[in-house]
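Hello,

Here is the structure I promised to pass on to you. Please open it and keep it beside you while you read my notes below.

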Amino acid sequence: VVPEKPAAESKDVKPFGIAISHPDRVIDPDGDVTKGQLADYYAAMADPILRWMGGRPVSLVRCPQGRGRKCFFQKHDAGSFGEHVGHVAIREKDGSSEDYLVVEDGAGLLACVQMGTIEFHGWGAPASDVEKPDRLVFDLDPDEGLDFEAVVSAARHLHDLLGEMGLATFPMLTGGKGVHVIAPLTPKAEWPAVKDFARRFAAALAEDDPDRFTAALAKTQRKGRIFIDYLRNQRGATAVMPYSARARAGTPVAVPVTWQELREMDGAARWHVGDAKELAKRAGSKALARWGVADQTLPDL
Ligand code: ATP
Ligand code: MN
Ligand code: MN
């Protein structure tokens, strides 16, 4: 008896009902990662991803031919992502209004992946009120050659200082070179106040310890130091979202960790899209269930 051939549909990749074309296309030659594997990763991680990213204006790093070819950072969209991806109209600096993307569910997430998205970056405010940030983020960017230990101790230093001011913070490995130190905020203050706080905090840090930190954007100021990139805290700026994949060699992912765990990390690209199972389990664990959760507002500085 000749065994029946599997039905053609069984080969289709259709997470959350979204048909993924070219699932065998290699999108990262370094990690041998295919578009289908990336879709599987995002499908497995949809819940923890949406917990933070859902309902937020997002920008995407799209690499339709894979990360070895042309990638672009997409902020606006007029509807090319289909019915599952939402939009929010946001006033631009010049007074015009542009539609930003908003992902609310697994179908929306996968619709973006189908369109060649590798990375998801989010605003620091919900689409329901884009003028009131719901998080503060300090993006620690180490100079080339600095070892990760320096980044870890810098992050812990920020944690201590912000903690003394009454702000609980949470660390995230970016999947790249650095760490993001994130303070969730109950939306209240508007962007100018949040940016001002972040700028003054970063400047004070650099002033107190100029050998270790700089708050100046210029790369020449970075020599052997860590740049405290406070500019993620201005209207329109984005930061990579928790559990987003990165369009970098090996397709690492941005991963929330505990302060305890951070001590043991030796790099920011510890996990990759192949680790979905472990990451989903971690995300649901007791240690991480309250990651990013705190009811707090901006202190005086
Ligand atoms: P790393 O740890 O390697 O620094 P990162 O995500 O912090 O990783 P950065 O280069 O520090 O990377 O970028 C900070 C943020 O700037 C990104 O998370 C992203 O949201 C935003 N960004 C990146 N590329 C662009 C771009 N082309 N246009 C606008 N914003 C961007
Ligand atoms: Mn960074
Ligand atoms: Mn940066």
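Helices α1 and α3 cross in a right-handed way in this predicted model. If you want to find them, α1 covers residues 35-44 and α3 covers residues 106-114. Their axes come within 10 Å and cross at roughly 160 degrees. Angles over 145 degrees count as roughly antiparallel, and α1 and α3 are therefore roughly antiparallel to each other.

Which residues of α1 and α3 meet? From α1 come L38, A39, Y42 and A43, and from α3 come G106, L109, L110 and V113. Sorted by class, this contact of α1 with α3 holds seven nonpolar residues, one polar residue and no charged ones.

Now for the ligand. Ligand 1 is surrounded by 13 residues, and the closest are F73, H121, T174, G176 and G178. By class, the shell around ligand 1 has four nonpolar, five polar and four charged residues.

β8 (135-142) and β13 (238-240) each supply at least two residues of the shell around ligand 1. Of the contributors to this shell, β13 gives the most, with three residues.

Best wishes

Conventions: Residues are numbered from 1 along each chain as its sequence is written. Chains are lettered from A and ligands numbered from 1 in the order in which they are written. This is a predicted model: local features need pLDDT of at least 70, side-chain atom pairs count only at pLDDT 80 or more; totals for chains, interfaces and linings use all residues. A residue is near a molecule or strand if its C-beta atom, placed from the backbone, lies within 6 Å of it. Helices (H or I, at least four residues) and strands (E, at least two) are DSSP runs, numbered from the N terminus. Ala, Val, Leu, Ile, Met, Phe, Trp, Tyr, Cys and Pro count as nonpolar, Asp, Glu, Lys and Arg as charged, and the others, Gly among them, as polar. Axes are lines fitted to C-alpha atoms, for helices over the stretch in contact, and angles run from 0 to 180 degrees between N-to-C directions. Angles under 35 degrees count as roughly parallel, over 145 as roughly antiparallel, 65 to 115 as roughly perpendicular and the rest as oblique. A crossing is left-handed if the near helix is turned anticlockwise from the far one by less than a right angle, and right-handed if clockwise. Two residues are in contact if their C-beta atoms, placed from the backbone, lie within 7 Å.
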